Amino acid sequence: MTRAVVPLSDIAAEPWQALSDRAVEANGYYLPGWEQAANASARGCTGASALAAWRDGAAPRLIGLLPVVALKHAFAIPLPALVSASPYGTLGIPLLDRDDATAAAAELLRQARRSGVRALILRDVQLGGGAMAAFTAALAAHGLKPRILREGRRAGLDATRDADALLRKGLGPRKLKDLRRQRRRLAAHGEVSFRIARTPADVAAAVEIFLQVEASGWKGRQGTALANDAGDTAFIRRATAVLAAHGACEIATLHAGPDVVAAGILPRHQDRAFFFKIGIDERFAKLSPGVQLTLDITRHLCADPAIASADATTGADHPMIGPIWRQHTPFGDVLLPLAGARDPATMLIAAAMAARERLRTRLHRLRHKG
């Protein structure tokens with residue numbers, strides 16, 4: 001009998017990539033090039049295992065994949081549950097074959113059950129998306145229902161719309177006028193230009209620029225910039241290189257003369273883009289370089305016929321991107337029970353996660369009050 005949970009490194013990139021191409025719901029952070037790089041060296045993301053669902057046949061096909069860690073590893077809660085692994089991007093949507101989504105979800109649940117745990121917890125998933133619909137159907141076959149542990153709204157972009165119309169509606173004429181004034185002031189430092197790196201060589205050069213710009217600001221001072229940690233630096237170099245080789249990564253930069261005033265990393269999966277991180281040169285902070293870059297990225301994505309939507313990788317209440325990307329989608333953390341509805345262990349896991357969420361919310365409020 002095969003193991004229910006295997007090391008993530010045991011999953012070959014080729015069938016994983018093929019599944020990604022057929023996935024019912026996009027997740028750029030669970031692409032093999034990205035997640036394998038995160039698992040190899042990124043802070044807090046190493047040591048992941050995997051639940052894998054295969055379709056038997058003359059040529060076995062991977063139809064479902066979810067990187068996981070133990071609940072104790074994820075949250076220091078010593079209870080029998082598996083949690084979707086952090087891919088250094090707040091999105092835990094499992095990869096499910098669009099032609100076998102419910103069967104794939106059922107097999108992932110079966111594998112989790114075989115491992116001896118009593119619950120599977122999905123972090124940061126689209127509550128109304130195709131993956132959750134498949135898991136809900138698979139649970140219903142056993143008389144079970146998913147339980148929402150945390151719910152919020154995620155900022156996103158409808159890239160099928162006209163960018164300027166979206167910006168006018170989201171920001172209003174007064175704010176846009178102010179941003180145009182700031183852009184003219186930015187031009188006093190040199191010609192303002194927006195550039196997109198796509199090829200592997202251009203992405204390799206642009207990621208070094210991003211690392212430098214991000215580390216120059218408050219993230220660098222706080223120690224949270226990617227360049228502050230050798231493992232994080234190795235992760236982002238490897239991830240962007242592999243994704244760029246598959247046409248699945250862009251790096252956007254905004255220049256004022258010789259200076260890069262802002263930079264952002266944009267993984268891509270199917271018809272969806274993901275705004276992973278942004279770095280700004282704080283010498284230009286009064287001229288809103290992050291917002292200026294986001295305006296250009298918005299126009300760029302809306303003009304790209306291959307992109308239908310974009311995920312901001314942050315909540316709809318984010319002060320910078322929330323007002324600009326206004327396609328707010330329900331997201332959250334979900335507990336998938338693997339035993340009966342009144343199973344004591346499952347109830348204890350749910351209670352522990354609820355207590356953790358209450359504490360997290362209180363700490364968040366205290367920080368904002370301070």
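Me: Why is Leu363 called partly exposed?

Reply: Its relative accessibility is 37%, and partly exposed covers the range between under 20% for buried and over 50% for exposed, so Leu363 counts as partly exposed. Keep in mind that this is a predicted model.

Me: Where is Leu363 found, and what makes the nonpolar surface patch?

Reply: Leu363 is found in helix α11, residues 344–369. The patch of about 290 Å² is made by Leu359, Leu363 and Leu366. Patch residues need over 30% relative accessible area, and Leu363 has 37%. As for the spacing, residues three or four places apart on an α-helix point the same way, because there are 3.6 residues a turn.

Me: Let's turn to the rings. Why is the pair of Tyr29 and Phe276 called tilted?

Reply: The ring centres are 6.0 Å apart, and a pair needs centres within 6.5 Å. The planes stand at 55°, while stacked means under 30 degrees and edge-to-face over 60, so this pair is tilted.

Me: What makes this pair a tie between parts apart in sequence?

Reply: Tyr29 is in the loop between α1 (13–22) and α2 (32–41), and Phe276 is in the loop between β11 (272–274) and β12 (277–280). The parts tied together are therefore 247 residues apart in sequence.

Me: Are Tyr29 and Phe276 buried or exposed?

Reply: The cut-off for buried is under 20%. Tyr29 has a relative accessibility of 0%, so Tyr29 counts as buried. Phe276 has a relative accessible area of 9%, so Phe276 is buried.

Me: How many aromatic pairs does the structure have, and which residues do ring pairs link into a cluster?

Reply: Searching the whole structure gives eight aromatic pairs. The cluster linked by ring pairs holds Tyr29, Trp34, Tyr88, Phe235, Phe274 and Phe276.

Me: Trp34 is among the buried residues of α2. Why is α2 called largely enclosed?

Reply: Seven of its ten residues are buried, so α2 is largely enclosed by the rest of the structure. Besides Trp34, the buried residues include Pro32, Gly33 and Glu35. Among the elements covering them are α1, β3, α9 (230–245) and β10 (259–269).

Me: Now for charges. How do you know that Asp100 and Arg55 meet in a salt bridge?

Reply: Their N to O distance is 2.9 Å, and a salt bridge needs the nitrogen within 4 Å of a carboxyl oxygen, so the pair qualifies. Asp100 lies in the loop between β5 (95–96) and α4 (101–114), and Arg55 in strand β2 (residues 49–55), 45 residues apart. Asp100 also meets Arg61 in a salt bridge, at 2.6 Å.

Me: Why is Asp100 called buried, and why is Arg55 called partly exposed?

Reply: Asp100 has 17% relative accessibility, so Asp100 counts as buried, the cut-off being under 20%. Arg55, at 36%, therefore counts as partly exposed. Both belong to a network of salt bridges that links Arg22, Arg55, Arg61, Asp97 and Asp100.

Me: What makes the charged end of Arg154 sit over the ring of Phe331?

Reply: The charged end is 4.6 Å from the ring centre; the distance limit is within 6 Å.

Me: Which residue meets Arg154 in a salt bridge?

Reply: Asp311 is the partner, at 2.9 Å from N to O. Arg154 lies in strand β7 (residues 147–158) and Asp311 in strand β13 (residues 309–315), so the pair ties together parts that are 157 residues apart in sequence. Both Arg154 and Asp311 are buried.

Technical notes. Residues are numbered from 1 along each chain as its sequence is written. This is a predicted model: local features need pLDDT of at least 70, side-chain atom pairs count only at pLDDT 80 or more; totals for chains, interfaces and linings use all residues. Side-chain values use heavy atoms; hydrogens and water are left out. Helices (H or I, at least four residues) and strands (E, at least two) are DSSP runs, numbered from the N terminus. Buried means under 20% relative accessible area, exposed over 50%, partly exposed in between (1.4 Å probe, protein chains only). A charge sits over a ring if NZ of Lys or CZ of Arg is within 6 Å of the ring centre and within 35 degrees of the ring normal. Patches are made of residues with over 30% relative accessible area and no salt bridge: like charges are joined within 9 Å, nonpolar side chains (Val, Leu, Ile, Met, Phe, Trp, Tyr) within 5 Å. Accessible areas come from the Shrake-Rupley method with a 1.4 Å probe; for residues, only the protein chains shown count as cover. A salt bridge is a side-chain nitrogen of Lys or Arg within 4 Å of a carboxyl oxygen of Asp or Glu. Contact means heavy atoms within 4.5 Å.
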